[in-house]
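Here is my note on the model you sent. Please keep the structure open while reading the points.

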Amino acid sequence: MKHNLGFKLLALVLAIFIWLQLTLVSQQRTNTALKLKLVNINEEDTAKQPPDKISCTVAGRGLDILRLKFSKTHIEMDAGDYWASNWNNYRVVDPSHNLKVEILGVSPRVQALETKTRKGSASGTTTAEKPQTGGASGKEEQQSRVLRDLPISVPPGKTVYPSTVTIKVKGPQSRLASLPSGVSIHISDQADASGFYSLEVKLPSGISLLEYTPTRVRADK
């Protein structure tokens with residue numbers, strides 16, 4: 001019994017070793033977080049708090065992607081471009097390790113959607129807003145909700161990067177409770193000059209869109 005257990009453990013270790021080797025040497029496309037640095041910050045931008053890191057879609061060998069994650073390579077953007085959602089205007093800084101990794105695009109999280117310690121479910125966060133004055137006394141209170149990792153609908157044979165969207169919406173609690181049912185996200189028919197597709201977010205009646213990220217995506221045929 002102990003003899004067979006030893007062989008099983010050895011086989012498991014060998015399988016893990018082979019899997020790890022294949023993962024590290026094979027070409028992959030994945031998302032990884034790199035440090036974000038904003039430059040050319042004006043007085044208006046100082047009141048905003050961007051995230052420390054930014055999600056990047058990368059392609060390369062598994063080992064190089066792993067080394068990239070722990071390197072000093074970071075993403076630099078003008079503050080004006082970041083807050084205006086011009087996320088294709090980024091620079092890769094300090095690629096000193098000569099890693100053969102291609103950064104295909106970035107997918108920042110809008111700081112307004114990432115509040116510090118809000119309570120909510122895994123699918124989103126609901127926060128009550130101040131009631132509007134002057135309305136009818138029976139009018140339902142408006143609230144906001146964040147929905148994360150919503151899939152993007154694309155034509156058959158096409159893949160987009162990133163493939164999910166985070167949105168912030170507003171409406172009556174009774175309607176927000178049914179989300180994400182009725183929410184659909186599509187890409188534009190044509191790419192712009194820089195190769196990006198814009199997104200169209202469709203919502204159920206009575207729900208308004210406050211913001212969403214990313215606003216554009218890349219696509220492979």
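1. Accessible areas come from the Shrake-Rupley method with a 1.4 Å probe; for residues, only the protein chains shown count as cover. The protein chain exposes about 13,900 Å², and 53% of that is supplied by carbon and sulfur atoms.

2. The model is predicted: local features need pLDDT of at least 70, side-chain atom pairs count only at pLDDT 80 or more, and totals for chains, interfaces and linings use all residues. Residues are numbered from 1 along each chain as its sequence is written, and side-chain values use heavy atoms, with hydrogens and water left out.

3. The protein chain has four helices and 13 strands (DSSP runs numbered from the N terminus: helices are H or I with at least four residues, strands are E with at least two). Of its 221 residues, 33% count as buried (under 20% relative accessible area; exposed is over 50%, partly exposed in between, with a 1.4 Å probe and protein chains only).

4. Five strands make an open sheet of mixed pairing, in the order S4-S3-S1-S2-S5 (two strands pair if DSSP finds at least two bridges between them). S4 (90–93) and S5 (101–107) are the edge strands, each with a single partner strand, so one side of each has no neighbour in the sheet.

5. S2 (residues 53–61) pairs with S5 in the antiparallel sense over six bridges. Cys 56 has Val 106 in S5 as its bridge partner.

6. Leu 12 is found in helix H1 (residues 2–25). Its relative accessibility is 48%, so Leu 12 counts as partly exposed.
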